[in-house]
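Please look over the model below before reading on.

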Amino acid sequence: MTSTRTATLSLWITLTCLVGCGMLVMKNRVQSLEQELAQINRNIQDDVKSIHVLNAEWSHLNSPARLRKLASKHISLNPVQAEQIINYSALPFDYEADDSSRRLAAQRNINSKAEQNRLKKMVRARH
């Protein structure tokens with residue numbers, strides 16, 4: 001009977017020690033996971049702040065007034081004039097090189113439009 005009691009007692013003591021060690025390991029693991037989660041949350045907050053700053057900078061860089069000023073400073077673009085617009089059919093295409101009559105007609109069309117525009121400018125200049 002004493003040996004059974006001793007075996008039972010040693011079994012319970014061993015089981016208690018194993019459960020205690022398991023709890024200690026689990027506690028340490030939970031603490032490390034909590035620290036990792038806190039670090040990830042801090043990183044997320046830092047990224048959100050960075051995104052807000054980048055959005056503000058993007059809004060500033062894309063403001064129409066600023067872009068207009070930079071475009072006028074660095075690019076010498078003028079508004080599109082009516083003389084610059086031609087009909088699509090008047091454009092000569094390379095694949096139609098063997099069709100010389102169509103190409104000549106397109107060239108005449110472009111020349112006549114240019115001549116009409118020159119005449120209009122001369123008339124406006126006289127007025």
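1. Leu15 sits in helix α1, which spans residues 2-61. Helices (H or I, at least four residues) and strands (E, at least two) are DSSP runs, numbered from the N terminus. This is a predicted model, in which local features need pLDDT of at least 70 and side-chain atom pairs count only at pLDDT 80 or more, while totals for chains, interfaces and linings use all residues. Residues are numbered from 1 along each chain as its sequence is written, and side-chain values use heavy atoms, with hydrogens and water left out.

2. Leu15 is partly exposed because its relative accessible area is 42%; buried means under 20%, exposed over 50%, and partly exposed in between (1.4 Å probe, protein chains only).

3. Together with Trp12, Val19 and Met23, Leu15 makes a nonpolar surface patch of about 440 Å². Patch members have over 30% relative accessible area and no salt bridge; nonpolar side chains (Val, Leu, Ile, Met, Phe, Trp, Tyr) are joined within 5 Å, like charges within 9 Å. A salt bridge is a side-chain nitrogen of Lys or Arg within 4 Å of a carboxyl oxygen of Asp or Glu.

4. The structure holds 0 disulfides (pairs of cysteine sulfur atoms within 2.5 Å). Cys17 is in none, and its nearest cysteine sulfur, that of Cys21, is 6.5 Å away. That separation is too far for a bond. Cys17 is partly exposed at 45% relative accessible area, and Cys21 is likewise partly exposed at 48%.

5. The chain has 3 helices and 0 strands. Of its 127 residues, 4% are buried.

6. Mean pLDDT, the predictor's confidence in each residue from 0 to 100, is 84 for the chain, and 83% of the residues score at least 70. Confidence is highest in α1, at 95, and lowest in helix α3 (residues 100-126), at a mean of 74.

Key:
Areas by Shrake-Rupley, 256 points an atom, 1.4 Å probe, with all protein chains shown as cover.
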